[in-house]
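Welcome! Here is a short tour for anyone meeting this structure for the first time. Take a look at the sequence and the model, then read on.

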Amino acid sequence: MANTIAAQMSTLITLDNSKVTQSLRTIKNMARAASTEARAHAEALRAVGNSMQAAKSEYDGYRTQLDLARQRVKMLTDQHKALADMLADKSGNLKSLSSKIDDLTAKRDEARQQLKDLKNDEDAEASSVNKVQQAYKDLQKQLQETKREYNDLANGRVNEKFARQSQQLAAAQLDQAKLEQQTSAAQDAYVKQLTGLKNLQN
């Protein structure tokens, strides 16, 4: 499960805080679901006297939660580093973003003119118009996102994001440490049940 989460979430690690928040929320919901499912399964097994399988279910549940917690810490660490790198060279990044804005603006204006020309051309194919129209929309969206990044960095909002992420990362690391202890304890309990069964069989 952890590998699946990594594949799904790695593409969402950007400076867009809303995407990161959505990704972290998904991981949190999956961890909660894994915990609920493992606990319910363990209780059902314990109710019919199968203590060993109950212990295994609890152990597996903690392992899944731990895998997800590690993914959460990794995401926050990557985001934290990206923000730190941006702040480390604020002037250079502002210059780079400004240049990107100029480039996107020129491309957006060119696409807008192409679209206007095509709409005025009676022989233009609908597919060509749609293609240029989509390119224009994509460029407009990229331009808006880049302007937002520039403004966030210039106005200090990146510093605020960095501070919030520092707190989130510290909390996530504590959660991971707690889950590591719980997983270890659940493993010990399962091994104890397994050893007891083997002793009975011998």
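Predicted model: local features only at pLDDT ≥ 70, side-chain atom pairs only at ≥ 80, totals over all residues.

**Overall fold**
- The chain has six helices and zero strands, so its elements read α-α-α-α-α-α from the N terminus on, with helices counted as DSSP runs of at least four residues.
- Of the 202 residues in the chain, 28% are buried.
- Among contacts with a separation of 6 or more, 77% join residues 24 or more positions apart.

**A look at helix H4**
- Helix H4 covers residues 90–120, which makes 31 residues.
- From its first C-alpha to its last, H4 reaches 45 Å, close to the 45 Å expected at 1.5 Å a residue.
- Its buried residues are Leu 94, Leu 97, Ile 101, Leu 104, Arg 108, Ala 111 and Leu 115.
- An α-helix has 3.6 residues a turn, so residues three or four places apart point the same way.
- The cover over the buried residues of H4 includes helix H3 (51–88) and helix H5 (126–154).

**How confident is the model?**
- The average pLDDT of the chain is 84, and 88% of the residues score at least 70.
- Confidence is highest in H4, at 91, and lowest in helix H1 (residues 2–9), at a mean of 41.
- Residues 1–15 have a pLDDT below 50, and in the model this stretch has 29 contacts beyond near neighbours in sequence.

Note on methods:
Residues numbered from 1 in each chain as written. Heavy atoms only, no water. Helix = DSSP H or I, 4+ residues; strand = E, 2+ residues; numbered from the N terminus. Buried < 20%, exposed > 50% of the residue type's maximum accessible area, 1.4 Å probe, protein only. Contact = heavy atoms within 4.5 Å. Expected span 1.5 Å × (residues − 1). pLDDT = per-residue confidence, 0-100.
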